[in-house]
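Here is a briefing on one protein model. Keep the structure open while you read.

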Amino acid sequence: KMTQQMRDLQLAQARKPPGPSSPNAAKRLYRNLSGKFRVNYTSFDEGSLVGRGEKEKLRKSYLFQSNAALFEAVELQDLDRVQQLLKQYSPEELDLNTPNSEGLLPLDIAIMTNNAPIARALLQAGAKESPHFVSLESRSLHVSTLVREAEQRVNELTAQVVNEAPNADCSEKEKQLKAWEWRFRLYKRMKAGFEHARVPDAPTNVQLSVASSSSVQVTFCEPLSVNSAVVTKYKVEWSCSPTFSPPLGETVIDKLKNLHFTIGGLVSGTAYYVRVSAYNMKGWGPPQASVPPFAIPSNWREYDGRAPRRRGQAEALDHLLGQVKTVHQHCVCHEPCKNQPQSRKHSVSKSLKHLFHPGSKFLKTLKRGLYLTAIFYKDDNILVTHEDQIPVVEIDDTYSCLLMQDFLWFTKVSCMWDEILWLRQCVTVSQSSCSCILQTRFKMLLAISQMQGLLGIQDLGQVFFEPVKDKQGNILIVTLKEVKTNQTFESVRWVPICKLQSSRKSVSSPEEPTALDTLLISVQDKLAYHQRSSHALSPGLYLGYLKLCSAVDQIRVLVPEELPNILCHVKIRSNPNVSREEWEWLQKMASVEEPVPTEPEADTSQNPLFHELQVAIKELMTLVNIPLQEAKDFRLYSQEVLDFGDQVSFLLLLPPSDDVCTAPGQNNPYTPRSGFLTLPLQIFELGEER
């Protein structure tokens, strides 16, 4: 018999024995698992084990029982327990794709009993169908054999129970009879589910788009009707012919978390037709052609043969910096500094123990002047000195220059923390002049070196976008850095932020707090800004809104608080590529000075980007609190698509030319709702680079 052969095969390969075969047994096993078994295996006393071999043996025993529990949960259609086990254990620990003694996998049982929620949960976890079912006939024969053998076993046990006198053996036989009756009903449900099922309908919403100059992307959704059987995989086919004769290629998708596929290695300028079909245990359903029926791989740069804006820029800047360094190395003024790296190597510790050295030069109080403070944080803890102070060093106690110019210069220096010594040597050459600006910037470099030396850390992190000031004339430049490593530093003191805030004794009044008090009060906001400014957008094409405002000494740009390193934006679609055909349409619209598309038109089926832009513009206008009727005067930036790597690109929406940048004193009738801030343009540019 086929089932017996599979059992023999399982025994020969040292497969695990079958799990409990009754509802009561499953419930007992659930109670045990819920109280004892956890993924870290810490509920039992490992000290009582005699060696690694016994620990591993016990671990495998627990994993075997978790696998048996998964089979029982699927058979009992217990979705909550299935999800709990999938979350608690990895697929490997559960032996998710190892057949049991009946030659079945958990997914086989779920789909043949037509339990779609459990089947989908298993598929999301990476479950497969049994490799024994190579054809419809083999599956049908296998299930029929299971039903027949279960029925035969029920009949045998029934006869034994009826004919035997009541005793202990008879009671055990009755338990076996109940278990086999339950299993017989399960196999009959599986057989009925298989016989009533039909092949699935075609997938729905099959959309085709151009992913690059050598690839296209197809996305699709599940069939509306699966004909009483869960879809377990999909097939994507492509060809240069609408009849798919000859086919160029196909792929099978059995990881169903995301129903999309990118077809690469295609020829630019060639039309490719794509179709998708679904599969269940009864076989492949009919294919569904994509919309549009074909796509031509291309990229907007092919419109005029434009090269990427940043191609070679990083290499050119590195080369230029190398040339500048070479020139300065031969300067006579640098001779006394040549031996500094060796002496400095001794003074700069590789740990943070200098925070607690009594001779450190961190300041406890501020006088009138310009200061530098470095905030290092990990989770909800912050790094402090031995006196429970945030590290602060003095830059200039007689500062009287233009703060914004020096501050923006400092932010650029933050991109070269490792080059501070060399920058100090360069500025030293011109120190003899009476320039206030040069004197201040040299003092900034000295303060950075002092902070690096005292902390023993070169990278001081990212500069906060504005200094902290008080009415006493103190100015704090703040740097922020998150410590993500689990390394334990010797003698380092991490203090919870809330404890530091509650324990600090302020020497200022609430009406006029000092810069240090203001920093401590707002430190959570600054840490939140720092974390949000490092977030990245998900892949896609976005519509950004460019709005500037000018002041006497700077230009600021409007950004969202949740993502301050990016312009205000909404997502147009998940595909970041703009094809040549789409770019040609945008150029045509710009050349005739048509307003941005906010109202639907009759025929937009041949240009999906038109509809996508309509939706995005309406959403963006609502986001920045601008009436939709005002959008008719807005323009799409048609000089280029802004590419941020290979996965994120932007189209820009510009206000009327007179309103792109609001001048000082100019009234702005439309104020964005809460959730926005304005950054200095140079700070924004640095954040975008990061």
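The points below cover strands, a helix pair and some backbone features.

This is a predicted model. Strand 16 (residues 540-545) is mostly covered. Helix 12 and helix 14 cross at roughly 40°.

- Six of the six residues of strand 16 are buried.
- Gly540, Tyr542 and Gly544 point one way from this strand, while Leu541, Leu543 and Tyr545 point the other way.
- Both sets are buried.
- Strand 16 runs parallel to strand 22 (residues 648-654), and six bridges join them.
- Look for glycine 540 here: it stands opposite valine 648 of strand 22.
- Strand 16 runs antiparallel to strand 19 (residues 568-573), with five bridges between them.
- In that pairing, leucine 543 faces valine 570 of strand 19.

- Four strands form an open sheet in the order 23-17-18-24, and their pairing is mixed.
- Strand 23 (661-662) and strand 24 (676-680) are at the edges.
- Each edge strand has a single partner strand, so one side of each lacks a neighbour in the sheet.
- Strand 17 (residues 548-550) pairs with strand 18 (residues 555-560) in the antiparallel sense, over three bridges.
- Leucine 548 has valine 557 of strand 18 as its bridge partner.
- Strand 18 also pairs with strand 24 in the antiparallel sense, over five bridges.
- There, proline 560 has phenylalanine 676 of strand 24 as its bridge partner.
- Is strand 24 largely enclosed or left open by the rest of the structure? Four of its five residues are buried, so strand 24 is largely enclosed.

**Helix 12 against helix 14**

- The axes of helix 12 (residues 403-413) and helix 14 (residues 436-455) come within 11 Å and cross at roughly 40°.
- That angle makes helix 12 oblique to helix 14.
- The crossing of helix 12 past helix 14 is right-handed.
- On helix 12, the contact is made by Gln405, Asp406, Phe407, Trp409, Phe410 and Val413.
- On helix 14, it is made by Ile437, Thr440, Arg441, Met444, Leu445 and Ile448.
- These contact residues divide into eight nonpolar, two polar and two charged.

- Proline 246 sits in the loop between strand 3 (233-239) and strand 4 (249-253).
- Where is proline 292 found? It is in strand 8 (residues 288-295).

**Positive phi at two aspartates**

- Aspartate 379 is not a glycine, although its phi is positive, at about 60°.
- Find aspartate 379 in the loop between strand 9 (369-378) and strand 10 (381-383).
- Is aspartate 379 buried or exposed? Its relative accessibility is 62%, so aspartate 379 counts as exposed.
- Aspartate 388 also has a positive phi, near 60°, in a residue other than glycine.
- Aspartate 388 lies in the loop between strand 10 and strand 11 (392-396).
- Its relative accessible area is 31%, so aspartate 388 is partly exposed.

Terms used: Residues numbered from 1 in each chain as written. Predicted model: local features only at pLDDT ≥ 70, side-chain atom pairs only at ≥ 80, totals over all residues. Heavy atoms only, no water. Axes fitted to C-alpha atoms, helices over the stretch in contact; angles between N-to-C directions. Parallel < 35°, antiparallel > 145°, perpendicular 65-115°, else oblique. Left-handed = near helix turned anticlockwise from the far one by under 90°. Contact = heavy atoms within 4.5 Å. Nonpolar A, V, L, I, M, F, W, Y, C, P; charged D, E, K, R; others polar. Buried < 20%, exposed > 50% of the residue type's maximum accessible area, 1.4 Å probe, protein only. Pairing = 2+ DSSP bridges.
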